[in-house]
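Here are my notes for your review. Please read them alongside the model.

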Amino acid sequence: MFTLAEVASLSDIQPTYRILKPWWDVFMDYLAVVMLMVAIFAGTMQLTKDQVVCLPVLQSTVNPKVQPDAAGNADFTTVETTTAQEEASMGTVSFESSPTVTSDIPLSRATSSQYQPTESDQELKKERKDSSGRKTNLDFQQYVFINQMCYHLALPWYSKYFPYLVLIHTIILIVSSNFWFKYPKTCSKIEHFVSILGKCFESPWTTKALSETACEDSEENKQRLTGAQSLPKYVSTSSDEGSPSASTPMITKSGFKFSADKPMIEIPSVTILDKKDGEQAKALFEKVRKFRAHVEDSDLIYKLYVGQTVIKTVKFIFILCYTANFVNTISFEHICNPKVEHLIGYTQFECTHNMAYMLKKLLISYISLICVYGFICLYTLFWLFRIPLKEYSFEKVREESSFSDIPDVKNDFAFLLHMVDQYDQLYSKRFGVFLSEVSENKLRGISLNHEWTYEKLRQHVSRNAQDKQELHLFMLSGVPDAVFDLTDLDVLKLELIPEAKITAKISQMTNLQELHLYHCPAKVEQTAFSFLRDHLRCLHVKFTDVAEIPAWVYLLKTLRELYLIGNLNSENNKMIGLESLRELRHLKILHVKSNLTKIPPNITDVAPHLTKLVIHNDGTKLVVLNSLKKMTNVAELELQNCELERIPHAIFSLSNLQELDLKSNSIRTIEEIISFQHLKRLTCLKLWHNKIVSIPSSITHVKNLESLYLSNNKLETLPAAVFSLQKLRCLDVSFNSIAVIPVEIGLLQNLQHFHITGNKVDVLPKQLFKCVKLRTLSLGQNCITSIPDKVSQLLQLTYLELKGNCLDRLPATLGQCQLLRKSGLVVEDHLFDTLPSEVKEVLNQDTGIPFANGI
């Protein structure tokens, strides 16, 4: 037999799970406990008390031949005595109700004290002889035997097993009610949900966030009453030219109120969180996000709860049907025919079930309880199918808390929230705070501002190569407010900050002219946009997908330089939005580093404005270049790593072209170079890092060429035509296979920079030193065995590279190169030691002349 404590453990649910038990589950649990007590009480009584008591049914208990006496009373003496003798002969005990019967009177005494036998006595003896049984002297054992047999034969099964059936049914109902808390695939989700829900309810951020929205609502009401009386300097109204469209990703009035039409609202003091609370709140946002993704993909908890409710309902109907049929079978009197007359002498017994009355009352109580239980199950099913429990809307929460971005949820996540609402709707309201991205971003902003103070940001400001003050912020949760207090900042770099927001306070940064957005789709307020539109000159945007380019970029009318770095393949070209570049009327430099297969035709919309176009491909072949013809004002053109095999003919139409860079292509021949004679302004030609084998003599027609870069090709000779370019100031033929420097090099009287590093030169012609304007001479990694003394003629030489040759000494005349210093002399240390001491002293002098190599 189960104890009450053991059975009660089946319904033992952790106290924290009570938030998932609505009133009907709680009520059914208590009903199950009462039914359990009924079963245990009834079973205990059946085990501890007599079950049935049976008496034999006699064929004739009174002698019909007995005559009444004169007084009208029958003389029972003979009958009683005879009966006693008969019972003694049968070995049984008489349970007659007559007060004259005494079982302990001796038979001889009874007969001797009365009268002598008569004819009637003889008949009575004959009758006694016929009904006599076997004498065993086991009176008590016989009746115990009969009671036990009749308990199993005559008593209905329902009277015997009613308490045990109630116990089994109750245990099944208890298991069905709490199975969803025990089943592993649902228990794990429920455990996590209850844990997260409790932490979200108790988190300080929940209260602070709700309080802050209330504060902001009151501030907005004040603003609406008073009006925007003191707007910042750079406020753009809806009628301003070039204001962003409705699709522009600017901060709107949803969620936390960052309005573009009024000043920023200062963060109230209630938002101040200590570091521990802030970290816990951020961890909760991450937990809620992962839990939602894990639970929303299935509806197992909902199906399991519906299934167990259906099982309980079916169980209720089954119990009610068969119990109603057997309720009347529990009675006090029963007739028993055990068929053991050969042992007892009687064939029929009348039995009484002494627990019948109590069991019947308990059964009626049980039926009442199970009816109430069943009606509650039916109500539960009605609730389950009345509304779509696999969908949950936070509409009321959004209205009350001003978190308009709280998403609706579905499947098991929605069902769990519906169950929580039956306990207390306040849980869902506070839990919704951690589903809001606005709330999460606000928390990040508070933590960010607490960590990145003005002093800390000032320590990260540095000077770049252009001697400008630069601040680079990397992988932060947002842009700290203190950034906008750095009013003397020239360059701001924001990298991997997905929630970057540029507020109106940026109008304080009057020196800001360059902005870098690397994987940072920043949003701006209207006032901030107005400031950027009027002040920003250079913008760098690095992205993975073209959708990351902020739409407001195309509305910066005063922008002069735009750098786009990201994926712009042929499929995305139609979505790039470069048609909006026509608004950038002051744009001069467009730098696109991508994987284009053709130049987007929309770039031609800004062709009249552009003076420099740079396209860096990642090795994707650029095949369509006809649109280049429209860029008549382009002065600098770079087509790098575009897999070009020849010089594009469209380039020859760019009459204003001054510099052409075709670096890192697959150009093998440059016979088209004769067409450059039409480009009267071309002064710089860069054909480095290609596969050029020879230089055609037609290069002489490019008479205005001042810089020629042919490094990292496959040249073996330098034709004399190259040295006819009298205006040439820089010649770079490094890393080829050139073995001889032609003597015609002496004709280049204006040559200032000559680079022939990484070739096979073994002798330096004396004519080289006639180029007295040389400032940079790179001769490293060749086979040169000696340096002529005429090197002293290069009085303007500031950089001389000789490392990697076959030299055994340096000429002492190096000391006559007045501008050459040790820092500009690249040789092995042992060669430098071969110089005379006075020469080394001259070279070691610091004149403060800046080094320049011309590249």
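**Notes on the predicted model**

1. Start with the contacts. This is a predicted model. Among contacts in the protein chain between residues at least 6 apart in sequence, 58% join residues at least 24 apart.

2. Next, the overall make-up. The protein chain has 22 helices and 24 strands. Of its 855 residues, 48% are buried. The exposed surface comes to about 41700 Å², and carbon and sulfur atoms supply 53% of that area.

3. Look at A482. This residue sits in the loop between β7 (469-474) and β8 (491-495). Is A482 buried or exposed? A482 is buried, because its relative accessible area is 12% and the cut-off for buried is under 20%.

4. What does A482 touch, beyond its neighbours within four places in sequence? The contacts are W452, T453, Y454 and L457. Take Y454: it lies 28 residues from A482 in sequence, yet the C-alpha to C-alpha distance is 5.1 Å.

5. Check the backbone at L496. Its phi is near 55°, a positive value, and L496 is not a glycine. The residue belongs to the loop between β8 and β9 (501-502). L496 counts as partly exposed, with 33% relative accessibility.

6. Where is H689 found? It is in the loop between β18 (684-686) and β19 (707-709).

Note on methods:
Residues are numbered from 1 along each chain as its sequence is written. This is a predicted model: local features need pLDDT of at least 70, side-chain atom pairs count only at pLDDT 80 or more; totals for chains, interfaces and linings use all residues. Side-chain values use heavy atoms; hydrogens and water are left out. Helices (H or I, at least four residues) and strands (E, at least two) are DSSP runs, numbered from the N terminus. Buried means under 20% relative accessible area, exposed over 50%, partly exposed in between (1.4 Å probe, protein chains only). Contact means heavy atoms within 4.5 Å. Accessible areas come from the Shrake-Rupley method with a 1.4 Å probe; for residues, only the protein chains shown count as cover.
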